[in-house]
Amino acid sequence: MIDTLIYEKNSQMIKMAGMVANKLTLLEIVDLSKPIEGNIYLGRITKKIELANGKTGYFVNIGKGKEAFINAEEYGRDDLNANEGQEVIVQVCQEQREEKGAKVVRSLQFVGHNLVYCPYKMNIDVSLKINDKLKAEELKKLVNDNMTGQEGWIVRTNAVYADDKDIVEEMEMLRTQFDEVRQKAKISKAPEVLLERNNLLVDTINNNGDYLQKIIINDHNIENALKDDFDVSFDSEPFKNNGVEDLITDALQKEVKLKNGGRITIEETRACVAIDVDSGDDDGLGSLGRLNMEAAEEIVHQIRLRNLSGKIVVDFAGSSEYRFLKNVIEFLNEEFRRDNIKTFVNGLSRSGLVEITRIRRRPSLSEILTEECVSCRGIGRVEK
């Protein structure tokens, strides 16, 4: 949870930072000129390709940036059997990266405050973050009793605090969104945006409203809309004037110093993210267990802040035997359970590395703000 929210919108770029006790803990940078995760488009098939193991994929023109990619096989849907030029309704599940276009799916999801509507699925899932099992069952029954035919739902954590009436009304609202998307697709010509994702600022405020103490923003209209409920102030350059740009520069550095003198080094490659823990000038009297736990806390923070995803491997200090890293692995598991992006701590590899897999939805911070050096081609070294 964050206590200060800093929001800046300029032309086609939205930047939002969340602070806790002056520490940067949330950073979102969205390029509105590119396909955004969660947006729904009417796309046009441009090319059919054969994948490994006899599988099929398609390139889809959704109107922005590079062509998107879709698998023919998709859970909950019949296999896509399309020809070039055919139109298809798709949703961005993974945003465009430097070397790849966006990834899209046909299994649409409509995200509300308390629920997620999945019209092409037939089951009800409940957020694992709802620890009260009795409440979880009550919510599941409420949704089940108000279903209309074959449809799927995900009960979000926020539903715990919602009235039954609000949840039922949200079910109807999300169904209406789905109907509107289908109706718009019938009268549109691809490529076309059918539905834009929920407002990023609104979502963040909804998720942190009880903790937010201050909002700094560069939009007078939004300032006026929020000032009755929050301590809101206007700043023409909020990122620059509140030190966020300097904090972002720090978040792009490979080396992160720990408070007791140790350090972690983060290397992003195309194959994976490699993180190394080193004692450095640590003054912890040789306690590698304490060093690794301190490093684990910072690693969780950096993964979220930098939006690192895909395969992540961590080389902790000292022995790589499980008995020495058990507490660290349990800590990582507990922390990532609270993550908004699905993250799996896969345990210890045979080579002694802690392996983590984090679902890739958006580019990392470095992918958004930097580009590969044309001289060294990304290796970060120069000729002697």
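Asn22 sits in the loop between β2 (13–20) and β3, where helices (H or I, at least four residues) and strands (E, at least two) are DSSP runs numbered from the N terminus. Its phi is near 70°, a positive value in a residue other than glycine. With 71% relative accessibility, Asn22 counts as exposed; here exposed means over 50% relative accessible area, buried means under 20%, and partly exposed is in between (1.4 Å probe, protein chains only).

A word on the model before going on. It is a predicted one, in which local features need pLDDT of at least 70 and side-chain atom pairs count only at pLDDT 80 or more, while totals for chains, interfaces and linings use all residues. Residues are numbered from 1 along each chain as its sequence is written, and side-chain values use heavy atoms, with hydrogens and water left out.

**Backbone and loops**

Asn53 also has a positive phi in a residue other than glycine, near 60°. Asn53 belongs to the loop between β4 and β5 (56–61), and at 74% relative accessibility Asn53 is exposed.

For a cis peptide bond, look at the step from Ala190 to Pro191, where omega is near 0°. Pro191 is in the loop between α2 and β13.

Gly280 is found in the loop between β18 (273–278) and α7. Its relative accessibility of 33% makes Gly280 partly exposed. Which residues does Gly280 contact, leaving aside its neighbours within four places in sequence? They are Gly261 and Arg263, with contact meaning heavy atoms within 4.5 Å. Gly280 and Asn22 are 258 residues apart in sequence, and their C-alpha atoms are 26 Å apart in space.

**Salt bridges**

A salt bridge here is a side-chain nitrogen of Lys or Arg within 4 Å of a carboxyl oxygen of Asp or Glu. By this rule the model has 25 salt bridges. Three of them are set out below.

| Salt bridge | N to O distance |
|---|---|
| Glu37 and Arg197 | 3.9 Å |
| Arg175 and Glu172 | 3.3 Å |
| Asp339 and Arg304 | 4.0 Å |

Take the side chains of Glu37 and Arg197, which meet in a salt bridge. This pair links distant parts of the chain, 160 residues apart: Glu37 is in the loop between β3 (23–31) and β4 (40–50), and Arg197 is in the loop between β13 (192–195) and α3 (200–208). Glu37 is buried at 15% relative accessibility, whereas Arg197 is partly exposed at 27%.

Why are Arg175 and Glu172 separated by about one helical turn? Because they are 3 residues apart in helix α2 (residues 164–187). Arg175 is buried, with 9% relative accessibility, and Glu172 is partly exposed, with a relative accessible area of 46%.

The side chains of Asp339 and Arg304 also meet in a salt bridge. They too link distant parts of the chain, 35 residues apart, with Asp339 in the loop between α8 (322–336) and β20 (343–348) and Arg304 in helix α7 (residues 288–306). Asp339 counts as buried at 10% relative accessibility, while Arg304 is partly exposed at 27%. Both residues belong to a network of salt bridges that links Arg304, Glu334, Glu335, Arg337, Arg338, Asp339 and Arg358.

**Helix packing**

How do α7 and α8 pack? Their angle is about 25° and their axes are 10 Å apart; axes are lines fitted to C-alpha atoms, for helices over the stretch in contact, and angles run from 0 to 180 degrees between N-to-C directions. The two helices are therefore roughly parallel to each other, since angles under 35 degrees count as roughly parallel, over 145 as roughly antiparallel, 65 to 115 as roughly perpendicular and the rest as oblique. The crossing of α7 and α8 is right-handed, which means the near helix is turned clockwise from the far one by less than a right angle, anticlockwise being left-handed. Among the contact residues are Met293, Val300 and Arg304 of α7 and Leu325, Phe331 and Glu335 of α8.

The axes of helix α1 (residues 133–145) and α2 come within 10 Å and cross at roughly 45°, so α1 and α2 are oblique to each other. Their crossing is right-handed. Leu139, Leu142 and Val143 in α1 meet Asp164, Ile167, Val168 and Met171 in α2.
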